[in-house]
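Please keep the model open while reading.

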Amino acid sequence: MFSKCLIVLLSIHLGCSTLVSMLAESIDVTIEDDGKTLKTNHIVPNLEIKNTLNKTDFTFCPCKKILVSSLGEAANVQSAALGVYQYYQEYSGHPSYYGPTNLHRSNRLYYSSQYQGYILGDKLGSNVGYLYVPSTLNCPYLIPGGWQYYAGRWFVDATLVVRCIPS
């Protein structure tokens, strides 16, 4: 008879949790002490790595400074929303940012649970904004495209991007 069992080998915390486990099938493992057999198991390892990220632990989203930029129409219509943003706090299980850092007043880039995406507006949690992207990704700078700007209605600007500025 052939049976499988899951043996948890080790759990590592490197900014996010990684669970390393072994799927076991059949190999002899013998533990000996002074020549006496203490335990014998039949195990065949098949290494499997599972990611067990905690959605509210956004240490896997490590960028603390981002750049919001555009070479398109958003640069003309929403220029005050563009610039460098700093990490602010966790909001709705996602990181939020404030900026641009070169203005006297600042905006917030945050995740809206109601609209299932990121909004860049003047108040954290407001569902009114200058820029928007529909995405549930935890890191706004990993969103490959689809950012929109508001000018009476929403327009897509293919050049509108959010990028990480490495520290």
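How many aromatic pairs does the structure hold? The structure holds seven, where rings of Phe, Tyr and Trp (its six-membered ring) pair if their centres lie within 6.5 Å, and planes under 30 degrees apart count as stacked, over 60 as edge-to-face and the rest as tilted. The rings of Tyr111 and Tyr118 have centres 5.5 Å apart and planes at 70 degrees, so this pair is edge-to-face. Tyr111 is buried at 5% relative accessible area, and Tyr118 is buried at 0%; buried means under 20% relative accessible area, exposed over 50%, and partly exposed in between (1.4 Å probe, protein chains only). The pair of Tyr150 and Trp154 is also edge-to-face, because the ring centres lie 5.1 Å apart and the planes meet at 65 degrees. Here Tyr150 is partly exposed, with a relative accessible area of 34%, and Trp154 is partly exposed at 33%. Ring pairs join Tyr132, Tyr150 and Trp154 into a cluster.

This is a predicted model, in which local features need pLDDT of at least 70 and side-chain atom pairs count only at pLDDT 80 or more, while totals for chains, interfaces and linings use all residues. Residues are numbered from 1 along each chain as its sequence is written, and side-chain values use heavy atoms, with hydrogens and water left out.

Two tyrosine rings carry a charge over the face. Lys64 lies over Tyr87, 4.6 Å from the ring centre, and the charged end of Arg108 sits over Tyr88, 4.3 Å from the centre of that ring. The criterion is NZ of Lys or CZ of Arg within 6 Å of the ring centre and within 35 degrees of the ring normal.

Next comes the core. The largest nonpolar core has 22 residues, and those with the most contacts inside it are Ile66, Val68, Leu131, Tyr141 and Trp147. Such a core is a set of buried Ala, Val, Leu, Ile, Met, Phe, Trp, Tyr and Cys residues joined through side-chain atoms within 4.5 Å. In soluble globular proteins, nonpolar side chains tend to be buried together. Ile66 touches, among others beyond four places in sequence, Val84, Leu109, Tyr141 and Ile165; contact means heavy atoms within 4.5 Å.

Over the whole chain, the secondary structure comes to one helix and 14 strands, taken as DSSP runs numbered from the N terminus (helices H or I, at least four residues; strands E, at least two). Buried residues make up 32% of the 167 residues.
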